[in-house]
Amino acid sequence: MDAQEIRDALHGMYGGENKQITDGNYDKSLAVKCINGTFVGRKNDNIIVYRGIPYVGKQPVGDLRWKAPVDAVPNEDSLYLNVFKADDATTDKKPVMVWIHGGAFESGGTIDPMFDCVNFMKENPDVIVVTIAYRLGVMGFLHLSHLPDGKDYQDSQNLGLLDQKMALKWVHENIAGFGGDPDNVTIFGESAGAASCTLQPLVPGSQKYFKRLIAESGSVNQTRSPEEGIEGTNKLMEALGCKTVADLLKVDGDKLLETATAVNFAHQMPERDGKYLPTDTFEAYANGAAKDLEILVGCNKDEMNFFVSSFGKEGWDNWIAARKQEKFDQLPADEKALVESYMKDVKGDYFQPDSSLFSQSWFIVPTIKLSECQTMGGGKAYTYYFTPESPDPIMKCGHAIELSVVFNHPEMSADTGREFDATFCKTVRKMWVQFAKTGNPSLSADLSPDGKAKEWPLYDLDNKRVMVLDEFDIHPAKESEVKIVDWERTYFLTKYYML
């Protein structure tokens, strides 16, 4: 075997380069030959982990900054993905679950210990899990085509999504070598990762690489218009003293990222450009854009409380004041009155009315609307409402609190504040895996960890049925029984996408 084709995928937890094995001294049983080289994993008990596999041909730096990803070829370092598989004797092709991380499209990565899938794989060896990296923030979502020399940067506004698509293409072309079924791929993600999962079906040519998706607390509303994209770029250019793309290319990467985050926080996201994404993403679902895919989507009861807890009192007060001035204050008087009426009815601490409003507009309502649109379009939608609470009176059931459940990391209780019930957690994971296998998350009694069947109904336009993921009582219910959204006073806010 050509030594130049051999890479050690365990290049280190913090990214970096794969190590080329030049002396032929490696475990052949842990090696998988792919289109862009042979990669060697490391065994952890009975789980084999392949870290840092490049899925594109060239690193998007230097002159390739803000350019579309290039197909993988041998011996090129680039964006990476990781593969987790059980070391067993089965010859059956396994369903594949591809994780897309969150972080507001500005931060996060596969490096996060939460996304180490060894615990998950030990419990669920009958699937293969892949975690992928993609360009973030100003590197992945910067509108440049309007600049004087921007004609060569027609893709820059949605590079992060194109990276994800390229990773899915690599998985489709190579996962069989790891024992996976390229025709049974489920993408799943949380927050911006969930938004990415719901947007990928709308990216031209992407659907052929997967057949279903799971979106935890994120939807197609987490996008911006071209006008918002241009405005954000212009603010960045002014802050940096730049006039052209050529000027931007000279700016140090760290300075670019720091400045972009400072002036465009929560604005660096996929763009409804009419090229890679439709101008109305909800309408696309309602028109059947994803009708051939099964989707599983859901939200947490107190989504925005996570941000109250994370920002701290002063940080939250400043952020919410600026956000409301920028967005809320621009609403027509009649719509503003509806929202104010909703907020007056919210009980709790001083921050709770604002937190509940943004929970509705950013996460909860878009999830229900996506279920509505997918169903209208002739597709299948399974919908959940996650309710377990942290003992932290601010956090409650906040954003991302389910991650330790999904990835089987009960020890990671920074957000949860405690370990959730073990049987409940195992049941949620089993539902996710069952959905990835079959397209239906329901569990028969013999599959359910508590020995009781869990029948998860499809969302329907009449009863609007959801699965309530209560820590001690997982059960289906009509939305009207749970009162997840306020249909009169907050549902309309999705037309503004990110209020």
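A residue is taken as buried when its relative accessible area is under 20%, and as exposed when that area is over 50%. In the predicted model described here, Asp-116 has a relative accessibility of 17% and therefore counts as buried. This residue is located in the loop that runs between β8 (94–100) and α1 (118–123). When residues up to four places away in sequence are left out, Asp-116 touches Arg-51, Phe-84 and His-409.

Val-406 is placed in helix α12, which comprises residues 403–406. With a relative accessible area of 3%, Val-406 falls under the 20% limit and is therefore buried. Its contacts, again without residues up to four places away in sequence, are with Phe-120, Phe-188, Glu-216, Arg-429 and Trp-432. Val-406 and Met-114 are 292 residues apart along the chain, and their C-alpha atoms are separated by 9.6 Å.

Val-40 belongs to strand β4, which covers residues 37–40. The relative accessibility of Val-40 is 6%, so this residue also counts as buried. Between Val-40 and Ile-368 the sequence separation is 328 residues, and the C-alpha to C-alpha distance is 43 Å.

At the level of the whole chain, the secondary structure consists of 14 helices and 15 strands. The C-alpha trace spans about 70 × 65 × 40 Å along its principal axes. The radius of gyration is 22 Å; a compact globule of 499 residues would have a value near 23 Å, so the two agree. Buried residues account for 59% of the 499 residues.

Contacts across the chain were also considered by sequence separation. Of those between residues at least 6 apart in sequence, 74% join residues at least 24 apart.

The accessible surface of the protein chain amounts to about 19400 Å², and carbon and sulfur atoms contribute 49% of this area. The chain carries 53 positive and 74 negative charges, and the mean positions of these two sets lie 2 Å apart.

How values were computed: Residues are numbered from 1 along each chain as its sequence is written. This is a predicted model: local features need pLDDT of at least 70, side-chain atom pairs count only at pLDDT 80 or more; totals for chains, interfaces and linings use all residues. Side-chain values use heavy atoms; hydrogens and water are left out. Helices (H or I, at least four residues) and strands (E, at least two) are DSSP runs, numbered from the N terminus. The radius of gyration is taken over C-alpha atoms; the globule rule is 2.2 Å times the number of residues to the power 0.38. Buried means under 20% relative accessible area, exposed over 50%, partly exposed in between (1.4 Å probe, protein chains only). Contact means heavy atoms within 4.5 Å. Accessible areas come from the Shrake-Rupley method with a 1.4 Å probe; for residues, only the protein chains shown count as cover. Lys and Arg count as positive and Asp and Glu as negative; His and the chain ends are not counted. The place of a charge is taken as NZ of Lys, CZ of Arg, CG of Asp or CD of Glu.
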